[in-house]
Amino acid sequence: MSSSLDFADVPSSASSDRSDGNDDLCYDFGSIDIDADSGETSADYTSPPSPARIASPRLATLKGQKRERTLSLSKSSTGGGIKSETVLRTRHRTIYTAGRPPWYDAQGQSFEPFVIGICGGSASGKTTVSRKIIEALDVPWVTLISMDSFYKVLNEEEHKLAFQNMYDFDHPDAFDFQLLIETLQKLKESKRVEVPVYNFVTHGREKRTKTMYGANVIICEGILLFTNSKLLEMMDMKVFIDTDSDIRLARRLKRDIMERGRDLEGVIMQYNRFVKPSFDYYIAPSVIHADLIVPRGGENQVAINLIVQHVHTQLQLRGVKLRSKLVKSHVDQPLPQTLKVLPSTPQIIGMHTFIRNRDTSRDEFIFYSKRLIRLLIEYALSLFSFKDVTIETPQNIVYQGKRIESRKICGVSILRAGETMEQALCDVLKDVRLGKILIQTNMETDEPELYYLRLPKDIKDYRIMLMDATVGTGAAAMMAIRVLLDHDVPEENILLCSLLMAESGVHSIAYAFPKVKIVTTAVDVEINEKFYIIPGIGNFGDRYFGTELE
Amino acid sequence: MTKVNFDKSAIISKQCKTFDFGHNFKLLPTNDLIKELQTVIRDKNTYRSDFVFNADRLIRLIVEEGLNQLPYEPHQVITPTDEVYYGLKFIKGNCGVSIVRSGEAMEQGLRDCCRSIRIGKILVQSDEDTHEARVLYAKFPVDISERRVLLMYPIMSTGNTVVKAVKVLKDHGVKEHNIILLNLFCTPSAATLVTKAFPSMIVLTSEVHPVAPNHFGQKYFGTD
């Protein structure tokens, strides 16, 4: 089903998106499918997660499972079918809305994202404004969270009322504010959150949740956002969309009747009974908390530009730029204690000579890389802790030997180049577990981005051999380490294993994660402006897999 | 040799200090991991598949270390980033010779490191009555006298077989200083015998221990 989605450059498994490609923006942000065993997340997906879904007849036919909307959904305004892709293309650049941002600073510490709250009446254009802000912001990572995900689970009686348009979805009591606050707090701390997927048929939460990560910018939108004092405290910028009531009613009528096939009477009844009172009692007075009031919603380009300017200034203050900073931060420092370099032998230098030579054929490149990797892995394994054992031999003598302390070792490769090291690990450790992390460097920002993650469920109980072929600035490795720490792996149980490292990368990692062991076959001194290691081996993955440009 | 993570409490290092077999006798730089491999190989409760798996790992490490004994020369290359890397290049003219049968267990390890290396074989059997080693079969590359030879034999208990094999190599014109013996386990007496008989030959082993794991060949090939 997900084949209907147009993932640009993003592996489809990186995202557990809707299959109908027409959902509310919010659900498709920061969605990394992280469950250890959920390879089929979207396959059995039948009900829409968001009230803002437009039941487009074309798509319904396409899927053969058109679902009637049965209830009043007053609160959300879909600013005209925002595609639920993981990538938004704007005129100038691509904004990734899936995947995880580099949420740490040059010291490997996470920095706090900028939270924008967008509040306004039903159909005021909150989503349109959010989308326009995202486009204009020009930062690679944005998470959008909607209050719609946080409706309370209805009991049977309430469910019946909802079916008759008699349930008040516009009252503060309809929302689970506590959960929203907890979720937003975690996002602010750059922690992973499970956002509930609300099912508007059953009025319950689906078993499946949507995984989100913190981002550079978090946009939170909802009709009653400014009615909760705790939420207000968490927002860095509060925007109120002030659209004329007539226009909002007109939009609702148009949307509910034309797009959702509801009758005029029902819509108006619901509007008068719930939507309008709620606006008058709760939403309109909450404007007092706003930093900025945007009349006319999404059409107001001046207001959006102002917002964007402010956010940019704030982000710069928080130091969003990353890699260039990492390169320069450590000069002339002694190499850290946690670094272990494979003792240099003539064979190792000889193998380096082969793989560093730009004229080496791929056949030889692969052969000598594999040999070198094997030695590296054996060496790295010797750094784990061992215990003394006494065994008996067939010669009937007692032998004082050693065995590794814990056989629970998990290899985690940083795709793509790290995968080249998996074979060697399997060759020395029978039935070793392997996790994978896909981190790609964004060509425009030169920042690493996380797209894909598959780790054993109980990864925290394992010693981790984190593998990447080369470490330049260390940004990707640091991101991978952060991910592991997020999964409760103790820092001292992580061993980063790499064929070749640049000195600055070693410093950055050691500085940010002093307990992580770092193992490599050689440390080169410099990094060039493209973040390639000097003298280096070029792009290891391209040379190994044969995907060089020329 | 470079000493890595040297485990001072291990028996090996004690033995290394106790015995002196000359400067051409080299012990694989040991660490906890190599000790584990040796432990698995020696343990009588090890399953055969684990035995072979771990023996192959130890063999690979010995072969890699053995290759370090070969001569090389400086060699500069240009990296893909247009920088110069000052590396080195090994000089051609090497070959392997395995002593049948247990030495053949090490052939794959050598192949894995040197894909197209020539490999000769010697079959030495000891006489049931006199315990004297006799050469039954020998097949070498024709120009073996010009080559450096990596002689492979994993277990040295008395050292007689190796002495006989080296004699055959010398009969074929191989120079003693061009022979590198790759060995996994050796007894002090075998080490003494071999180093005394051929002081110019390089001997590389992973462990010197009074009792050699003589079940190696049988367990490796599954004929026990």
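Helix axes are lines fitted to C-alpha atoms over the stretch in contact, and angles run from 0 to 180 degrees between N-to-C directions. This is a predicted model, in which local features need pLDDT of at least 70, side-chain atom pairs count only at pLDDT 80 or more, and totals for chains, interfaces and linings use all residues. Residues are numbered from 1 along each chain as its sequence is written, and chains are lettered from A in the order in which they are written.

**Helix pair in chain A**
- Helices (DSSP runs of H or I, at least four residues) and strands (E, at least two) are numbered from the N terminus.
- The axes of α10 (346-356) and α11 (362-381) of chain A lie 9 Å apart, at an angle of about 145°.
- In contact (C-beta atoms, placed from the backbone, within 7 Å) are residues including Phe354(A) of α10(A) and Leu372(A) of α11(A).
- This contact of α10(A) with α11(A) has eight nonpolar (Ala, Val, Leu, Ile, Met, Phe, Trp, Tyr, Cys, Pro), two charged (Asp, Glu, Lys, Arg) and one polar residue (the others, Gly among them).

**Contact between chains**
- Chain A and chain B each give 41 residues to the contact.
- On the side of chain B that touches chain A, α2 (32-42), α3 (48-67), β2 (72-78) and β3 (84-90) of chain B each give two or more residues.
- The largest share of that side, seven residues, is from α2(B).
- By class, that side of chain B has 17 nonpolar, 12 polar and 12 charged residues.

**Confidence**
- Over residues 1-103 of chain A, pLDDT stays under 50.
- Where pLDDT is low, the predicted coordinates should not be read in detail.

Terms used. Contact = placed C-beta atoms within 7 Å. pLDDT = per-residue confidence, 0-100.
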